[in-house]
Amino acid sequence: MKRIALLGMPNTGKSTLFNRISGASARVGNWPGITVDLASAKILLGGHIAQLIDLPGIYDLHGFSEDEQVVRHFLENNAIDLVVIVLNSAQIDRQLSLVLQIKKLNLPAVLALNMSDEAKHAGITIDTESLTTALNMPVVAISAKYGDGLPKALQAATQIISQNKTATNPQEIAQLLQEDSQIEREMETLVARHVQIPATLSDSTTDKIDRVLLHKWLGLPLFFAAMFLLFQFIFTAGKPLQDGLAWLLEMVRSSALEPLFANAPAWLSGLMLDGIYNGVTTVAAFVPIIILFFIVMAMVEDSGYLSRAAFLMDALMAKMGLDGRGFVMMLMGFGCNVPALMGTRIMRSRPMRLLTMLVIPLSLCSARLQVFIFMITALFTAQQAPIVLFALYVMSFATMFLTAILFQGQYKNAEPFLLELPPYRFPTARQILLRGWQEVRHFLNRATKFIIIGVVLVWALTHFPTDVPPASTGTYAGQIGAFFAPVLAPIGIDNQFAIALIFGFVAKEIVVGSLAVIFGLQGDALTAQVAMQIDWVQAMSFMLFTLIYTPCLSTVATLKSESKSTAYMWLSIVWSLALAWVVSFIFYQGARALGY
Amino acid sequence: MQSLTQLAIGQPATISAIEADESLFHRLSALGFRVGKPLSIIRRANFNGPLQVRLGTTDIILRTAEAARIHISTS
């Protein structure tokens, strides 16, 4: 099979081009020599099946950033038949360097001058024909967003592929990459001969928008308002979708699965329905939120606003060893931790990404909010309720900052903060929908098995041995609770609430439901029972523990798949459990010492 | 010798020297920061945050720590 690599600088629309050519058939996978996953797709080119690989955006083949090393290692370890170089026509004066570097490697290449519409708008004219001769490679002006020029570019690619030349020799490439070049001078001559750029660019729309959105004092309030509106959109639009999906899954359960297992032994129907099927519904509950989140994220990212958010928030985030882009994800975590963790993929530096992923699970997500509302209603008056909830939000931010500051030495970011500010662009619907779909598939592929196994395990712990009532203190879960009593007693959590915390490891959404099972009560009776069994200090301690310890199995699964490190996953679990215990301990013992 | 951090907003200047280790130097030059190139500061973020610099056709944001490595001359 022929192999075609897509290469270009960041913000040149390379991934847009990739998505346009590959459609929805893209897959992420491992490659020899590199540790990050790359998207690739099988495409048909003039009778050949070719594999198209989307390499990370880089500025320089010889650079030292992680992405630049990924591309280098890819070329040094994988033979390829063609490179399609994607440039932003509006910045051709500086991006040609990458083309010349590829040429030096003797790689068969096609040059796609993307965003030809923007270049035209800026008054830049490029003579593609004379440039084709000068570079000795096909040069085609395209617009990946609208598809202009694409057939011509693909035709040029087909022609090269059909010549059936031998693929590149990775060892040779490795050697050539070490030799340095006189690329800069060559580039300047080329630009001088073949490109005309007006001395000053016209006062563009981007500048006008930036004057407002990056305003010294208006910028931040506008940023927070925009984020708030986007979250509102995700969760107002997501709620009915989640409810509808839950209703559908419940229908399937009650009308098809329950009759099917009616005559099966209790353990089998329990395993199938409360174990595996509940696992499936847990996974499904995340699908609408992930789709909506990435639709919104794709809009924010493709429009160019994400870099602006980084500009606005960087001063504060730099002090914690994070950067401005991380803040957008931290905020997102307050809706749902899972897509926020997946979203950190926009950060190219691995240490900074890991630090951000360690911080995100501490944000008070909407599922934890449900637990807090139940507990607060049970134990606090309507006047106290908002104060308690506010205190929990403050606590959430405090633990996030504390974690970032404590761990920033461990995850030292070596990459300088140098970011291009692209002009504002309108993202297209196709790109946005494709992104949402790809992310959901990624989540389902990586997390489903892990989550279902976890749910089955918790079901088994809370339903065996079978001679005691489910979720009672006699079950294995109850025995674990009793085993940990010496640890949980100092923070005011008794055996029954300990079982609820074990359930909460699966998902915070089921904590309240598990209390209903544990006490065998529903609705107001349950609220009354909880209010009778514990006082407000214990309730607060329970809420603090719930806030800080591992949010849910889906988050754990995502942490593992995104970091590709089991050790990192355990670090996150242990750290959040330890922090949760210490905070609850200080609060509980402090309050008791003060006489509450 | 003036560093980029001292440049006033909107004032045109030319890069006279870049003092950075190899990896930062590479990143800067790949983004277009080269000796002799004209540039200007578009805006600064509050609380000593990053600078927005315009270099030819490209806008770039960078922190003051990195900007301090770039020496400029004004005409």
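## Chain A: overall build

Chain A holds 26 helices and ten strands; helices (H or I, at least four residues) and strands (E, at least two) are DSSP runs, numbered from the N terminus. Its radius of gyration is 28 Å, close to the 25 Å that the globule rule gives for 596 residues, so chain A is as compact as a globular protein of that length. The radius is taken over C-alpha atoms, and the rule is 2.2 Å times the number of residues to the power 0.38. Along its principal axes, the C-alpha trace of chain A spans about 85 × 60 × 40 Å.

This is a predicted model, in which local features need pLDDT of at least 70, side-chain atom pairs count only at pLDDT 80 or more, and totals for chains, interfaces and linings use all residues. Residues are numbered from 1 along each chain as its sequence is written, while chains are lettered from A and ligands numbered from 1 in the order in which they are written.

The domain assignment, automatic or from a database, gives domain 1 (2-196) and domain 2 (450-593) of chain A. Their centres, taken over C-alpha atoms, are 52 Å apart.

Of the 596 residues of chain A, 43% count as buried. Buried means that 20 or more other C-beta atoms, placed from the backbone, lie within 10 Å of the residue's own; with 12 or fewer it is exposed, and in between partly exposed. The largest nonpolar core has 183 residues. Such a core is a set of buried Ala, Val, Leu, Ile, Met, Phe, Trp, Tyr and Cys residues joined through C-beta atoms within 7 Å. Helix H11 (residues 266-303) of chain A gives the largest share of this core, twelve residues. Domain 1 and domain 2 of chain A both give residues to this core, so it lies between them.

Ile85(A), Val110(A) and Ala112(A) have the most contacts inside the core. Two residues are in contact if their C-beta atoms, placed from the backbone, lie within 7 Å. Beyond its neighbours within four places in sequence, Ala112(A) touches residues including Leu17(A), Ile85(A), Val140(A) and Ala153(A). Among contacts in chain A between residues at least 6 apart in sequence, 74% join residues at least 24 apart.

## Chain B

Chain B has two helices and six strands. From the N terminus, the order is β-β-α-β-β-β-α-β. For 75 residues, a compact globule would have a radius of gyration near 11 Å; chain B has 11 Å, which agrees. Buried residues make up 41% of chain B.

Strands E3 (residues 38-44) and E4 (residues 51-55) of chain B pair antiparallel over five bridges; pairing requires at least two DSSP bridges. Leu51(B) in E4(B) is the bridge partner of Arg44(B).

## Where the chains meet

The contact takes 26 residues from chain A and 24 residues from chain B. H12(A) gives the most to the chain A side, with six residues. That side divides into 15 nonpolar, five polar and six charged residues. Ala, Val, Leu, Ile, Met, Phe, Trp, Tyr, Cys and Pro count as nonpolar, Asp, Glu, Lys and Arg as charged, and the others, Gly among them, as polar.

A sheet also crosses between the chains. Three bridges join E10(A) to the antiparallel strand E5 (residues 58-62) of chain B. Leu419(A) stands opposite Ile61(B). The open sheet has seven strands, in the order E10(A)-E5(B)-E4(B)-E3(B)-E2(B)-E6(B)-E1(B), with antiparallel pairing. E10(A) and E1(B) stand at the edges, each with a single partner strand, so one side of each is left without a neighbour in the sheet.
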